[in-house]
Structures are given as structure tokens and as C-alpha cells.
Amino acid sequence: MSLETHQTVSTRFVEAAGVRFGYRRFGKRAGIPLVFLMHYTGTMDHWDPAVTDGFARDREVILFNNAGVASSSGEVPRTVVGMARHAAAFIDALGLAQVDVLGLSMGGFVAQQLALDRPELVRRLILVATGPHGGEGMETLTQEALTIFGGVYEDPDDLWLKVFFTPSEASQAAGREFVKRFHARTEDRDPAVSAMVVPSQLIALEEWGEARADGFAYLKKIRQPALVVSGGDDVIIYTENSYLLQQNLPNAQLILYPDANHGAPYQYPELFVAHATMFLER
């Protein structure tokens, strides 16, 4: 068992596909590692320690920045396909034959593509606050997301309170606790994303959100067991998209958390880790 935690683990680097990937690896060194795939504009420091440390009690956790993000070199791909290829190259560079994958929001797009491209590499999928190719309201950022990301905030943390949590008193209180955990790591934090990240990621998001002639048929090819998780009131990627994933993936189950927006696992970290652990250990 590693004594390192989300707050104390050092950032390490590995070279693959012409990229120097920054990553952190900690937790119980046994079984199948769980690789985390990050959301739009996020870095390794945007994961909730209550979630990552919760998983690390029972398994190895691997966080990383994909190409062009924060501590990783290279350019951000303008397609989800390109992001998935970099993710696969990173996992291969660590010498891992098989992994479980947790993808949040945009990371959930990458997780789906990775499972398609490298089915032998991915054992199980946890798809959080995400949606299918060409999903409902996914051709661009939702109107709610445009308003939130386009806002001006006296405290930068207020952005995440709006992105991840509903306006209710209970959800906002959970959000303030998340913000405290978010700042718990004080040393060796990731640098902020560069100005080049946002436009490239937006292009990739919009390409993924375009409707396809064959609809959601590609999901039938993803045979791995999948756990789909969403807040009951997600306005960043509409909750309906989690239903679409669960209905079209051959082997998927769905969990919706009440009074929760885009950050349901951060509002209910202990419950989410318990549910996801049951799924991973079945």
C-alpha cells in the first residue's frame, strides 16, 4: 500500500508519442489500475481528493494531463480521437496491459473512444457527467454552460460552484466543502492551462457533439461493462445524455444523484466511491 495521497504524491513524467506526460500514481498496488480522464480545461489538481483517495484505499489510481495540458508537453488535439490516441500512448508507456477507466465530462468522450480503439486495454468504464457522440444539446456548449463559463467572478472558485453544483443551499454547501478539498494540495500543483487549450478543446467538443448519420450505433461496439453516473439536474451536459448512454451501451447501468449538477461525484464523494467500487469489483 502506497503511503502517498492525492495531496502528497509527486508529479512524475513519462515520454510517449512525442509528448512528455505529467502524471501521478498512488494507492494500493494490486489488481487493475484506475486511470482518470479529465474534463474540459481541467488539470490533475481539479480532481476531488475525497474521490481519488477514496478509490486509492482499494486500488491504484493514475491521474495524468493529456497532451498540451498543464504539466504535459505537446499540443492539444482538436479531436477526441486524437485525445484517445494520446491516452493510449500514455498507458502503454507505463507498461500496463489492462486498466479500468473513469472519464468525467470530456474525459468521458475520450473514455468511450479509447474503449473502441483499444478494447483489449480497457476492462471497465465509469462514464461520469458525459454523453454520446451527437447527444442532446452537445453540438456546442449548452446555453447554461456558455453563461457560466462566460461569467465574471470575484472569486475564481465561484465558477466551479456553478459548473458542478446546483443553486440549492445543500448543493452549494457541498460545493464549498469541495473547494476546500480542491485547495488541500499546496505543493507541486499543476500550472494553469495555457491559452491554447481552450480553443482546441472546444473544437474537439463540438466535433464530438455533431450528429452522426448512424446515430448511436457506435455504442453497440463498446462491449465492456459500463457504469454511467450523472446528476439529476446536469446543465453542462444534459442528464438526458446519460440515459442515452445507458440505453445504447450493451452492458451499462445508470446511477442518478438527486439535486446534483455536473459534479455529482464531488457532491456525494463517499457514496459515489462506494457505488463505483461495487461496480469495479463485481
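This section describes the overall build of a predicted model and then its aromatic pairs.

The protein chain contains ten helices and eight strands. Its radius of gyration is 17 Å, close to the 19 Å given by the globule rule for 282 residues, so the chain is as compact as a globular protein of that length. The C-alpha trace spans about 45 × 40 × 40 Å along its principal axes. Of the 282 residues, 58% are buried. Among contacts with a separation of 6 or more, 74% join residues 24 or more positions apart.

The chain carries 24 positive and 34 negative side chains. The centres of these two sets lie 8 Å apart.

Aromatic pairs number 18. One of them, Y40 with F149, is edge-to-face, with 5.4 Å centre to centre and 85 degrees between the planes. This pair links distant parts of the chain, 109 residues apart. Y40 sits in the loop between β3 (34-37) and α1 (49-56), whereas F149 belongs to helix α4 (residues 143-149). Y40 counts as buried, at 10% relative accessibility. F149 counts as partly exposed, at 27%.

W160 and F164 are both buried. They also belong to one aromatic cluster, together with F165, F178, F182 and Y266.

Note on methods. Residues numbered from 1 in each chain as written. Predicted model: local features only at pLDDT ≥ 70, side-chain atom pairs only at ≥ 80, totals over all residues. Heavy atoms only, no water. Helix = DSSP H or I, 4+ residues; strand = E, 2+ residues; numbered from the N terminus. Rg over C-alpha atoms; globule rule 2.2 N^0.38 Å. Buried < 20%, exposed > 50% of the residue type's maximum accessible area, 1.4 Å probe, protein only. Contact = heavy atoms within 4.5 Å. Lys, Arg positive; Asp, Glu negative; His and termini not counted. Charge placed at Lys NZ, Arg CZ, Asp CG, Glu CD. Phe/Tyr/Trp six-rings, centres within 6.5 Å; stacked < 30°, edge-to-face > 60°.
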